[in-house]
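Colleague: Could we go through this model together? I would like to begin with the charges.

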Amino acid sequence: MNIKKASLLIIVILLIDQISKIYVKTHFVLGEDVALFSWFKIYFIENSGMAWGTKLSDIIPAISDRTAKVCLTVFRIFAIIGIGYWLTNTIKKQQSKTLILALVFIFAGALGNILDSVFYGVLFDDSVSQVASFLPQQGYDSVLHGKVVDMLYLPLWKGYLPEWIPGIGGDYFTFFEPVFNVADVAISIGFCILIFFNGKAFPKNEEN
């Protein structure tokens, strides 16, 4: 895969991700959901932290939520720069196509969520009890304080767990509970490629 094909795939993933987020942000009130199937809903939530809604301030109580948010966003920016360098270097050296494909998905997904964190606070107004507008006179927050838009919800199974399961038996359980977005899917695909096709992504040459 050359740089043009990699760039095109990144753009396609970013467009799908951002168009879906902008549509949900400008058509749904926060917490609103629409059931497409019994096991698949469009459910609009916003995530100001890390994966699963975890905040950096939950891990390091000494810092405030706003400081933690800026630190997390800046860390993501440096991380995406590192991934971008790895990707371009891998393409230039004509290394494994499997590795390039995985890095393309991870880079595009990470960049998609970074755009939310950096810019959405000034590009949209609040979604609480109202449908947000794009490019308002005043956004809901400042640069670097945007919230990531999530909307894909797959409650594949809901019910009470058997009593014989230690610790959680008898509890009401939903699988799959997290709400995510297209960028998260892209990142997950990239990591799955690295895990399940590790031999192709990092082939051993004869010298090694």
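Modeller: Lys and Arg count as positive and Asp and Glu as negative, while His and the chain ends are not counted. The place of a charge is taken as NZ of Lys, CZ of Arg, CG of Asp or CD of Glu. The protein has 16 positive and 17 negative side chains, and 11 Å separates the centres of the two sets.

Colleague: What kind of model is this?

Modeller: It is a predicted model: local features need pLDDT of at least 70, side-chain atom pairs count only at pLDDT 80 or more, and totals for chains, interfaces and linings use all residues. Residues are numbered from 1 along each chain as its sequence is written, and side-chain values use heavy atoms, with hydrogens and water left out.

Colleague: How many helices and strands does the protein have?

Modeller: The protein has six helices and six strands; these are DSSP runs numbered from the N terminus, helices being H or I with at least four residues and strands E with at least two. Their order from the N terminus is α-β-β-α-α-α-β-β-β-β-α-α.

Colleague: Where is Gln94 found?

Modeller: Gln94 lies in the loop between helix H3 (65–92) and helix H4 (97–123). Its phi is positive, about 55°, although Gln94 is not a glycine.

Colleague: Is Gln94 buried or exposed?

Modeller: Gln94 is exposed, at 72% relative accessibility. Buried means under 20% relative accessible area, exposed over 50% and partly exposed in between, with a 1.4 Å probe and protein chains only.

Colleague: Which residues does the cis peptide bond join?

Modeller: That bond joins Phe175 and Phe176, with omega about 20°. Phe176 is in the loop between strand E5 (172–175) and strand E6 (179–180).
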